[in-house]
Amino acid sequence: MTTKNAGRAGWSAVRVVRDRNAGLFLAGVVISGFGTSALWLAAGVWVKDLTGSDRLAALCLLAMWAPTLAGPLLGGLADRARRTPLLIGASLFMAGLLLTLCTVDSPRGLWLLYAVLFVYGAVGVVHDAAESALVAAAVDRSLLGDFNGLRMTTNEGMKLVAPLAGAGLYTAYGGAGVALLDALTFVLAAAVYAFLRIPADRPAPPSDGHRVRSAEGARHLWSHPVLRPLVVAGGATMLCAGLSGALVYAVVDDLGHSPAYAGVLYAVQGAGSVTVGLLSGPALRRLGARRFAACGIALLAVAVALRAVPDDALAWACSAAIGAGLPAVLIAALTTVQQQTPGPLLGRVTATANTLVFTPNVVGLAVGAALVEPVGHRLLLVVVGCALAATAAALLHRPASAERAASRSPSDANPA
């Protein structure tokens, strides 16, 4: 990256942080992301300590991810209520709910832990949809890519720090201590959201039934000439990322290290994600969402395939490249959704897009875990790399007429 480009990226980041609402949103992301990442790790360890079962520990992640399947329905809530009070209320509700986990001290209380994690995931879907809609209304359109990149950077930064803090807190005070920490972060996030000043945060009165309103988001997403290929490419990329992620311990074993070495590779990957998050705004403006996403997927394809070579230096380079390539399509898709979707639909469209993009990741994890032993990780990595390369090529192959149609403002096609 040239000094000139780095300067532009830095100035764009400063402009985002100096914007009052954008800065508050980023503060909320940092605070709530810290608590979520800490609980994500501690929940599985908590169940493992109580039961000794890897299967029951893995169910924690499933409980948090399962509500994503209901994204189109849950996202509708973000379009039916004032979004700022919704963020505040959801945060305070989760703070109170997490306090109930202080009573879990035996396997008999696991049902409560799973129930809280399930509600946690459902509230997260609504929260993300409402936040996306508010950001689109509060942040200058030209800075949305920069904001989403910084959001990715802060999220990845929390993933590097928060699990370690959560593990230390769990060791000292048990699962209840981590639950109290997460509850506190929700209270702090609610306080941050209370300072938001966003005009016209009042939804239009509903004119149709709940099912019809939920389907509107899916129809808009699927009929849009740019959103649809970006979301499809995002889902295909996350499917491949899940497959690749399930092979990481086989890669570590092939390198001759203990399983704990996977943590090193994940840290390097996180550093790559932090870097691309800072550069995404200028890259989106220079390349456009489609080419930016395709370049990221192509980089990911090369890195995943080269992981089949058992070399430590190459493994580090591939991890950094995976961290840089994977977020590109996610940032491009979310930014385009915010730019190309009318405000009254934005909650439903965001939640639907998240369902279509992130659900395949869980499928990929399951398929990768099932195939790693009978097929072998090296062949799987090469196949996944080829699939990613095909995804990047398909994303670049777009009719010019569709691009011209999509370049219009969404208000041109939908005066609402």
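**Notes on the predicted helical model**

1. Let's start with helix α4, which spans residues 71–80. Its buried residues are G71, L74, G75, G76, A78 and D79. What do these buried residues of α4 pack against? Their partners are α5 (83–99), α6 and α14. Keep in mind throughout that this is a predicted model.

2. Now the overall picture. The protein has 17 helices and zero strands. It runs to 416 residues, and 50% of them count as buried. If you take the contacts with a separation of 6 or more, 85% come from residues 24 or more positions apart.

3. On to a helix pair. Two packed helices are described by the angle between their axes and the distance between the axes. For helix α10 (residues 248–255) and helix α15 (residues 377–396), the axes come within 10 Å and cross at roughly 125°. That angle makes α10 oblique to α15. As for handedness, the α10 and α15 crossing is left-handed.

4. Which residues make the contact between α10 and α15? From α10 there are A250, V251 and D254, and from α15 there are H377, R378 and L381. By type, the residues of this contact split into three nonpolar, one polar and two charged.

5. D254 and R378 turn up again as a salt bridge, with the closest N and O atoms 3.0 Å apart. Since D254 lies in helix α10 and R378 in helix α15, the pair ties together parts that are 124 residues apart in sequence. Buried or exposed, or in between? D254 counts as partly exposed because its relative accessibility is 27%. R378 also counts as partly exposed, at 41% relative accessibility.

6. How many salt bridges are there by this rule? The count comes to four. One of them joins D128 and R151, whose closest N and O atoms are 3.7 Å apart. D128 lies in helix α6 (residues 110–138) and R151 in helix α7 (residues 144–193), so this pair ties together parts that are 23 residues apart in sequence. D128 is partly exposed, with a relative accessible area of 31%. R151, on the other hand, counts as buried because its relative accessibility is 18%, which falls under the 20% cut-off.

7. Another salt bridge links D146 with R285, and here the closest N and O atoms are 2.5 Å apart. D146 sits in helix α7 and R285 in helix α11 (residues 261–287), so the pair ties together parts that are 139 residues apart in sequence. The two partners fall into separate accessibility classes: D146 counts as buried at 4% relative accessibility, while R285 counts as partly exposed at 44%.

8. Back to D254 and R378 for a moment: helix α10 holds D254 and helix α15 holds R378.

9. L365 is worth a look in the viewer. This residue lies in helix α14 (residues 346–375). L365 counts as partly exposed because its relative accessibility is 33%. Along the sequence L365 and A241 are 124 residues apart, yet their C-alpha atoms are 8.2 Å apart in space. Which residues is L365 in contact with, once its neighbours within four places in sequence are left aside? They are G242, L243, G245 and A246.

10. You will find V30 in helix α2 (residues 20–51). At 31% relative accessibility, V30 counts as partly exposed. The C-alpha atoms of V30 and T153 are separated by 9.8 Å, although these residues are 123 residues apart along the chain. Not counting residues up to four places away in sequence, V30 touches T154 and M158.

Technical notes
Residues numbered from 1 in each chain as written. Predicted model: local features only at pLDDT ≥ 70, side-chain atom pairs only at ≥ 80, totals over all residues. Heavy atoms only, no water. Axes fitted to C-alpha atoms, helices over the stretch in contact; angles between N-to-C directions. Helix = DSSP H or I, 4+ residues; strand = E, 2+ residues; numbered from the N terminus. Parallel < 35°, antiparallel > 145°, perpendicular 65-115°, else oblique. Left-handed = near helix turned anticlockwise from the far one by under 90°. Contact = heavy atoms within 4.5 Å. Nonpolar A, V, L, I, M, F, W, Y, C, P; charged D, E, K, R; others polar. Buried < 20%, exposed > 50% of the residue type's maximum accessible area, 1.4 Å probe, protein only. Salt bridge = Lys/Arg side-chain N within 4 Å of Asp/Glu carboxyl O.
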